[in-house]
Amino acid sequence: MTEYWQILLPSPPYSELTYERPEWFPPLSSGERVLVPMRRSLRVGVLTEPVPKPPFATKPILWPLDRTPLLDAPYLELVSNLASRQMSEPGAVLNLLLPSGLRTSDLTFAVSGGGFPSRLSPQDLKKLTKAELKRLMELWLSGGMQVHLNPAREAEETVIRLLADPPWPVRPNAVVQLAVLEHLLENGQTTRQRLNKDVGPNVGPALRRLSEAKLISVEREQGENCVGGMALACDSPAEAPANSEEQEAALERLGASLKSGKGETVLLHGVTGSGKTHVYLSLAEQCLARGRSVLLLAPEVALACALHRAATARFPDRRCVLYHGYQSPGSRRDAFLSLAGSEPALVVGTRSALFLPLRQPGLIVLDEEHDESFKQEERLAYQAKEIAWFRARQSGALLVLGSATPDVKTFYAASQGGLPLVSLTRRVGGGTPPEIRLVDISGLKDSGSPLSPETLEALSSTVTGGGQAILMLNRRGYAPLMYCLDCGEVVRCPHCHVAMTFHKSRERLVCHYCGTAFPYPLLCPKCGGGNHLPMGEGTERLEETLARALPEGTGILRMDRDTTRRQERLEQILTDFSQGRAQVLVGTQMLSKGHHFPNVTLVVVADGDLGLNLPDYRSSERTYQLLLQVAGRAGRGNLPGRVLVQTRNPGHPFWEHVLRSDYATFYAGEIERRKRFHYPPFVCLGLIRLSVPVEENESSGDDTRLLMEASSALLRAAEPCNVSALGPAPAPLAMLRGRRRYNCLLKAKTWRDVRDVYARFCAWNPEPDRIRMRLDLDPVNML
């Protein structure tokens, strides 16, 4: 009897179609990948479920690609749930979750014996007779036939890495070589396929010349290396340290939840330096001993690499998989395939590791759960905490949300009894939290330095006393503005209309939103003048200022996105600082989390006001979390620490919470304001982002008519659902990549109401190809 299967296509048109199983096929299971004919092409599909004979003609499945299911039933349920949340097709979601090499039909089959050629393509299979296919299936079942990517496809996945920082010894007219180097500097390591798309198809000669000059490396990534990792700087002891009294109590409570198998979620609120990582690894040890898998997540690649290093040191006899988005496509594909078995595994990674096909995870940990990096806003929008909760409930796993400064919504849920709260209130080893002081820089206008005399004196005394200091300025580059002295205009990005940042070492002006860059010096786009003045401070300029102000011979390092594109450079920076070869470390918010430098006794926040007054209801929360996290880098050893926060408004009530370092008092004030103005966690918040292209001949009246029509349509969509709707209004970042942007804010009682309003609003859209609309549920960025 012919068997029929529903098959999900992770490629356009992302449909779920019905195919028949050939009678000479082995038994099939849900979650297996197969090759199926689709019009005149072949596609990879995923089996979902058997179905009765349909009332229409069907095509047969061509060939299986997995001997055991790649995806299990809970994974397919996750795909369906995500599609429902995103109001999208399950196939489109699966397209974003599967590594590219697992959803392409650009394959080749290696065949041993049977009288067949040693290599067969999918198109070759279509030409075989039924008898030949039967014989070939016998080879497949016996292991005499293997699936590989097409060699040309594998070549496209070659990894290109930058080996040298600018300036580069490249001729100015070597345009393609410079374009490749700038692309790698701005975006980090990439693949040949991506370079062909972004730079152009004729990059081959440029890559060869740059490789010969040892400016780049061209190779296929091997293994699970720490791209952007901290392997040398954050070495961990192989033996587990003894538990403190608080850690013992926490492990007893969390261990009981782990054993219960009820899928419980627990908030671990521990001050900086309280040993949360030790608690995570101790729980992982218990979970692995019970034969269940473990998933440890960090918000950034550098922190994931540090956690991976600690895990491998703690469990030297176990395979520990590292997974993050900066690895090559081949590495991600190999990791995905290796985890599709039933053996328990220990996985460390960033948010994308949530979509690995782990079977029956028993423990999921989100370290620094408050970090906004756990929310993905582009392509497939999702909140990692929600996905982790869903997977934990599926498998009965323990979900631990750890932070020194929890998300206000998470802490509210804990305070209302929605999830248990476990606290670590003291630093391990008896250390005390650092003293925090404010430094008034409101009168610091014409000194030529972003640091006050008091701050400079504290830095000098720390350095001469043998200590180390960290300075944080959450703004990279040399200067955020380039001011024309002839006409008074600031150089702006032509696509985003925001000021372009000057990067002195690169001799370029760069838009930090779309990546557009111009070489400097340049002529003013408005008046043609060549007299410019860099205004404001970035980390590059702060590093230059410190080199002049501190005692001669002081070692100064800078750690921001510009200096850490290369894996080796980040490791070198952290190693040099941890081993005392430099006394001062300057950087952006990359400095604020996860780093342990016992000799740091002083932390300076060069501009504490940055981010505090952004048009975002989370601006106070985000700034408080950042300041408390970076303050936690001081005094982690035997010496006491102190923190200096420079501000132009020391009388702001916000600073009382920072000076106390008391999360509870900050939370009490913040939650009261959110309740008063109807913001999460008291409402379900949705943000509809609407954008239209900037036309050369458009008038302001065109925008006005569009906004009036959209406003009326939004109100009509919201009224039946009893949803409060605001907008559309110009977004704070009004233009991006040549598109004018508008925001619509929805406040509702349920997420279903938010989705219903969005669906109704989308039905109004008169020009879907021109007017783009996207729904962001529970947005973390209102810009």
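This is a predicted model: local features need pLDDT of at least 70, side-chain atom pairs count only at pLDDT 80 or more; totals for chains, interfaces and linings use all residues.
The expected span of a helix is 1.5 Å times one less than its number of residues. Helix α11, residues 301-314, can be set against that rule: it has 14 residues and reaches 20 Å from its first C-alpha to its last, close to the 20 Å expected.

The next element to look at is a sheet. Six strands make up this open sheet, and their order across it is β22-β32-β31-β23-β30-β29, with parallel pairing. The strands at the two edges are β22 (435-440) and β29 (556-559); each has a single partner strand, so one side of each is left without a neighbour in the sheet. On average, and with direction ignored, neighbouring strands of the sheet are turned by 20 degrees against each other.

Strand β30, residues 584-587, can be followed in more detail. On one side in the order of the sheet is β23 (residues 468-472), which runs parallel to β30 and is joined to it by four bridges. Within this pairing, I470 stands opposite L585, and M472 has G587 as its bridge partner.

Helix α16, residues 539-549, lies across β23, β29 and β30, and runs at about 175 degrees to β29.

The structure holds 19 aromatic pairs. One of them joins Y412 and F682 in an edge-to-face arrangement, with 5.1 Å from centre to centre and 65 degrees between the planes. Y412 lies in helix α14 (residues 408-415), whereas F682 lies in the loop between α20 (663-677) and β33 (684-693), so the pair ties together parts that are 270 residues apart in sequence. Y412 is partly exposed, at 21% relative accessible area, and F682 counts as partly exposed at 29%.

A second aromatic pair, Y663 and F666, is tilted, with 6.4 Å between the centres and 50 degrees between the planes. Both residues lie in helix α20, three residues apart, which is about one turn of the helix. Y663 and F666 are both buried. They also belong to a cluster in which ring pairs link F411, Y624, Y663, F666 and Y667.

Rings also take part in contacts with charged side chains. The charged end of R67 sits over the ring of W140, at 3.9 Å from its centre. For K747, the charged end sits over the ring of Y679, again 3.9 Å from the ring centre.

Some backbone details remain. The peptide bond from Y520 to P521 is cis, with omega near 10 degrees. P521 lies in the loop between β27 (517-519) and β28 (532-535). Another cis peptide bond runs from G727 to P728, with omega near 5 degrees. P728 is found in a strand, β34, which spans residues 724-736.

Q360 has a phi of about 50 degrees, and its place is in the loop between β16 (346-349) and β17 (361-367). Q360 is partly exposed, with a relative accessible area of 44%. E507 has a phi near 55 degrees, and its place is in the loop between β25 (501-503) and β26 (508-510). With a relative accessible area of 51%, E507 is exposed.

Methods: Residues are numbered from 1 along each chain as its sequence is written. Side-chain values use heavy atoms; hydrogens and water are left out. Two strands pair if DSSP finds at least two bridges between them. Axes are lines fitted to C-alpha atoms, for helices over the stretch in contact, and angles run from 0 to 180 degrees between N-to-C directions. Contact means heavy atoms within 4.5 Å. Rings of Phe, Tyr and Trp (its six-membered ring) pair if their centres lie within 6.5 Å; planes under 30 degrees apart count as stacked, over 60 as edge-to-face and the rest as tilted. Buried means under 20% relative accessible area, exposed over 50%, partly exposed in between (1.4 Å probe, protein chains only). A charge sits over a ring if NZ of Lys or CZ of Arg is within 6 Å of the ring centre and within 35 degrees of the ring normal.
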